[in-house]
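Here are my notes on this model, as numbered points. Please keep the structure open while reading.

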Amino acid sequence: MHWLAELAQVLLGWIQGLGGLGIMLGLMVEVIPSEIVLAYGGYLVAADEISFGSAMLFGVIGGTLAQVILYAVGRYGGRPFLDKYGKWLHISGRHLDRSEDWFRKYGTAMIFFARFVPVIRHAISIPAGVSRMPLPLFTLLTALAAVPWTLLFLYLGMQLGNRWQSVHEVAGRYVQPLTLTALALALAYAVYKYAKNRGRSL
């Protein structure tokens, strides 16, 4: 995969040259994990090469548009297309199965909560598209979830400076509380939904 490494270097060059717009493009292409793109953006903010506001704005937009693309793939390609080509999107059948199960059980609110769960945070957009979830609602929930994720990794990149590439070594202590909080909220929502449906059936 030598060409992927070369493409990654090109994308980092875009980010440095285009600033916030480069961050957006880097997140949309998804050759480099979003954590790395945002950490590099944070490093450039710390180096005064781009503004924090620009990095934050385009980070949220890019992260949201990347998921809208996956939503469209699910909506217009369906599961057969994904079973065949999902590997090129870095989404395995196992990830799809889990995200479909979450979406089926808990509904549209999972679009927000699942963004903080590493295994299914990207794959959850697929069942949303397959089920034809309203695009405005999908976009809103995705953008809301992108705000804390973008903020976290920009901050880490700013703090790490020249060591921004080691972001995964320190991110766990920050991502884990986000994941646990999201899971707790998802569980609370599931209990609420179950109780509400049970009350209707009585």
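1. Start with Thr150. Thr150 counts as buried because its relative accessibility is 2%; buried means under 20% relative accessible area, exposed over 50%, and partly exposed in between, with a 1.4 Å probe and protein chains only. Thr150 sits in helix H8, residues 135-160. Helices here are DSSP runs of H or I with at least four residues, strands are runs of E with at least two, and both are numbered from the N terminus. Leaving aside residues up to four places away in sequence, Thr150 touches Leu38, Ala55, Met56, Gly59 and Val60. Contact means heavy atoms within 4.5 Å.

2. Ground rules. This is a predicted model, where local features need pLDDT of at least 70, side-chain atom pairs count only at pLDDT 80 or more, and totals for chains, interfaces and linings use all residues. Residues are numbered from 1 along each chain as its sequence is written, and side-chain values use heavy atoms, with hydrogens and water left out.

3. Overall make-up. The protein has nine helices and zero strands. Along the sequence the pattern reads α-α-α-α-α-α-α-α-α. Of the 202 residues, 44% are buried. Among contacts with a separation of 6 or more, 69% join residues 24 or more positions apart. The accessible surface is about 10,600 Å², and carbon and sulfur atoms hold 64% of that. Accessible areas come from the Shrake-Rupley method with a 1.4 Å probe; for residues, only the protein chains shown count as cover.

4. Helix H8 again, this time for its geometry. H8 has 26 residues. From first C-alpha to last, H8 reaches 36 Å, close to the 38 Å expected at 1.5 Å a residue. The expected span is 1.5 Å times one less than the number of residues. Where does H8 bend? The bend is at Ala146, by about 25 degrees, and Pro148 follows within four residues. A bend is the angle between axes fitted to the seven residues ending at a position and the seven starting there. Just after H8 comes Gly161, with a positive phi of about 60 degrees.

5. Positive phi outside glycine. Asp48 has a positive phi near 60 degrees and is not a glycine. Asp48 belongs to the loop between helix H3 (34-46) and H4. Asp48 is exposed, because its relative accessibility is 70%. Arg132 also has a positive phi near 60 degrees. Arg132 is in the loop between helix H7 (125-130) and H8. With a relative accessible area of 49%, Arg132 is partly exposed. Glu30, which follows H2, has a positive phi near 60 degrees too.

6. Helix H2 covers residues 20-29, and its buried residues are Gly20, Gly22, Ile23, Met24, Gly26 and Leu27.

7. Helix H4 covers residues 52-85 and includes Tyr76. Is Tyr76 buried or exposed? Tyr76 is exposed, because its relative accessibility is 67%. The C-alpha atoms of Tyr76 and Arg132 are 9.5 Å apart, across 56 residues of chain. Leu57 is also in H4. Leu57 has a relative accessible area of 48%, so Leu57 is partly exposed. Leu57, Ile61 and Leu65 form a nonpolar surface patch with about 230 Å² of accessible area together. Patches take residues with over 30% relative accessible area and no salt bridge, joining like charges within 9 Å and nonpolar side chains (Val, Leu, Ile, Met, Phe, Trp, Tyr) within 5 Å. A salt bridge is a side-chain nitrogen of Lys or Arg within 4 Å of a carboxyl oxygen of Asp or Glu.

8. Ala39 in helix H3. Ala39 is buried, because its relative accessible area is 0%. Beyond residues up to four places away in sequence, Ala39 touches Phe153, Gly157, Trp164 and Val167. Ala39 and His168 are 129 residues apart in sequence, yet 9.6 Å apart C-alpha to C-alpha.

9. Thr108 lies in the loop between helix H5 (93-106) and helix H6 (110-113). At 31% relative accessibility, Thr108 counts as partly exposed. Which residues does Thr108 touch, not counting those up to four places away in sequence? They are Phe103, Met133, Leu137 and Leu141. Thr108 and Ile124 are 16 residues apart in sequence, and their C-alpha atoms are 10.0 Å apart.
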